[in-house]
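Please work through the following exercises on the structure shown below. Each task sentence is followed by a solution that goes step by step.

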Amino acid sequence: MLRTEHLSLAYGDKPVVDNVSLAIPEGGITCLLGPNGSGKSTLLKSFAGLLPPRSGQVFLDNRAVAQWDRRRLALRLAMLPQKPIVPDGIRVRDLIALGRFPHRKWWQMNLTIDDNATIDAMAMTGVSDLAERPVEALSGGQQQRVWIAMALAQETDILLLDEPTTFLDWGYQLEVLELLSTLNREHGLTVVMSLHDLNQAAQFADRIAVLANGQLDTIGSPAEVITESLVNRVFRVHTSITAGREGRPFCTGFAESAQSRPRQRPHCTTTS
Amino acid sequence: MTHPATTTPRADQRSLRKFCTSPIARLILAGGLSLAIVLVAGVQLGAIDLSWAQVWAGLTGDSSEHVQRVVFELRLPRTLTGVLIGIHFALSGWLLQLLSRNPLAEAGILGISAGASLVAVVAFIIGDWLVSSANPYNNTSFALQYLPLFAMAGGLVTALAVYFLGMRHGHLSPVKMTLTGAVIAGMLHALTTGALAFWGHAHTELVAQWLAGSLYGAEWQHLHTLLPWTLIGLAGVALLVRPMEVMQLDDEHVRTLGLVLNRWRAFALLIATLMAASAVGVVGPVGFIGLLIPHISRRLAGANLSVQLVLCVLLGAVLAVLADLLGRTMFSPYEVPVGVVSAVLGVPFFLYLLSRQP
């Protein structure tokens, strides 16, 4: 499965990730948390073999990712970038079909089996009704489901997502996370994603890795990781953490700079 | 392209019928029809207008020597060369626009045509000097079949320079590439003008006409010189369609789909450069076809790259032949070069398209 050993990454001379060793559990949902610039996206890119390590290695099935043939790697591992580009005027069905690219030689057209994989991916993500629509015309939440469908059409067992909820409103964020959770439960998809919302990570993740200044601060189950001391240390936020549903932690935060803590504010908890 | 049989024959027939009645088939049919019309007009019209019967007789070799000469030695090779250069510039522009994700990209704007022109002009000057000093009576044109090779060398060097200077952090930055290309194009134009001024020979006129992009005097030899490159280019573009579909996505996305991005970008750039520069080598830099036709094709075809490709071929040929036809008939007996007419025809249309862009 996917793991790193003493991995350090850099953009040019600028070190971004420093000596990170971690293992991604197979068939689980792993969330990468950490402040802006802590190296979450960079780490995800290195999982996909997009960034050569400065030192250390990323291993997939005990073989360095850098050694993998790109097409073979694409059959094992799909990635959704933070801001994917929508090709001009493309329809939902055609965009999702691009996920089939690594399954064919580059000169081959898609076969019936590819069309079926595309149709299945649309059904799993609930975008079948949008198949003939141009992607640009869809809402943010619909577009994100289409991108996930494209990654599913790739039929990999690992899906990497770089902040899949960032440009979505709250409702769509939960919709996307629930979709990923369902795909993980029902199809055994291994999900690795970076998130900003601690509570969403606590609610959906099996395992959380917290990065701070390019180093791995803590890794473990949500209850192990989301603690008042960690949140204070890494995010500079005072929190009170309560036990949510299924024993998952739920935290309410107050920025350290806030002079007076507000007393009574409405707050809501999601139920799914 | 291989297209393995995946459906039953009946389903094939059904999808064939569905295809024939689709708007896409109608578009392609309309494109083909306009090409046929301008082809016939290109042979029929000119300094002397010919009748249908005369054209037919000229083509079958069953007519007066005069008509036969007009049809077979003047208009037919010229019109067909027009078809080829239209295809060359249109496909080159189409590839470059896709490659750089920049709707303004085109061989002219990226400096590829300018590089091709400069090297071709310099080769022409040197060749002319060598030939005339060796044999003052043999002053005929410098061997035509070599000019495209020189032009391609110039185009390739320029394209490589623009490509590598357009990189940022190891990845192609479309904005940087376009700016670099525009600046380099300006410099190369200046050098070409300088070379001509320095030369100051009686042939300057000929070269100036060539630099304006002209089909004047296009003969079968031009066609034969160009055709192999057309075939290579078309084969290359056909191979590129599927990778190009994927390459419209974000760079990192493309790579996680298993495509070795730099290799395919380089191949696409090579094909685009070969097509543009070989055409420049034969007829001179014809602008605007490469800018306009891909836009129009995209507008008409939507996101389907295969259909865009077919439309580029058809409409590129139509615009080149039509522009040449107008250029040589409007102010007859004077000729306006095809490069000038295609710009004059194309720019208002392009501005119209721009104004309609949301």
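The model is predicted, so local features need pLDDT of at least 70, side-chain atom pairs count only at pLDDT 80 or more, and totals for chains, interfaces and linings use all residues. Residues are numbered from 1 along each chain as its sequence is written, while chains are lettered from A and ligands numbered from 1 in the order in which they are written.

**Exercise 1.** Determine how many helices and strands chain A has, and why chain A counts as compact as a globular protein of its length.

Solution. Step one: chain A has nine helices and 12 strands; helices (H or I, at least four residues) and strands (E, at least two) are DSSP runs, numbered from the N terminus. Step two: the radius of gyration is taken over C-alpha atoms, and the globule rule is 2.2 Å times the number of residues to the power 0.38. For the 272 residues of chain A the rule gives 19 Å and the radius of gyration is 19 Å, so the chain is as compact as a globular protein of that length. Step three: along the principal axes, the C-alpha atoms of chain A fill a box of roughly 60 × 45 × 30 Å. Step four: 43% of the 272 residues of chain A count as buried. A residue is buried if 20 or more other C-beta atoms lie within 10 Å of its own, exposed if 12 or fewer, and partly exposed in between, with C-beta atoms placed from the backbone. Step five: of the contacts in chain A between residues at least 6 apart in sequence, 62% join residues at least 24 apart; a contact requires C-beta atoms, placed from the backbone, within 7 Å.

**Exercise 2.** State the strand order of the open sheet of four strands in chain A, and identify which strands stand at the edges.

Solution. Step one: the order is β2-β1-β4-β5 (chain A), with antiparallel pairing; two strands pair if DSSP finds at least two bridges between them. Step two: β2 (14-23) and β5 (63-64) of chain A each have a single partner strand, so one side of each is left without a neighbour in the sheet. Step three: β1 (residues 2-11) and β4 (residues 55-60) of chain A run antiparallel and are joined by five bridges.

**Exercise 3.** Describe the open sheet of six strands in chain A, and state which strands helix α1 of chain A touches.

Solution. Step one: the order is β6-β7-β8-β3-β9-β10 (chain A), and the pairing is mixed. The edge strands, β6 (77-80) and β10 (215-220) of chain A, pair on one side only. From one strand to the next, the twist averages 15°. Step two: β7 (residues 158-162) and β8 (residues 190-194) of chain A run parallel, joined by five bridges, and D162(A) stands opposite S194(A) in β8(A). Step three: helix α1 (residues 40-47) of chain A packs on the sheet, where it touches β3 (29-33), β7, β8 and β9 (207-212) of chain A. The direction of α1 makes about 145° with that of β8(A); axes are lines fitted to C-alpha atoms, for helices over the stretch in contact, and angles run from 0 to 180 degrees between N-to-C directions.

Step four: β3(A) and β9(A) pair in the parallel sense over four bridges, with T30(A) opposite R207(A). Five of the six residues of β9(A) are buried, so this strand is largely enclosed by the rest of the structure. Step five: β9(A) and β10(A) pair in the antiparallel sense over five bridges; A212(A) stands opposite Q215(A), and I208(A) has G220(A) as its bridge partner. The two strands form a hairpin with two residues between them, and N213(A) in the turn has a positive phi of about 50°.

**Exercise 4.** Determine which element gives the largest share of the side of chain B that touches chain A.

Solution. Step one: the contact takes 25 residues from chain B and 27 residues from chain A. Step two: α9 (220-247) and α10 (251-256) of chain B are the elements that give two or more residues to the chain B side. Step three: α9(B) provides the largest share, five residues.

Terms used
Contact = placed C-beta atoms within 7 Å.
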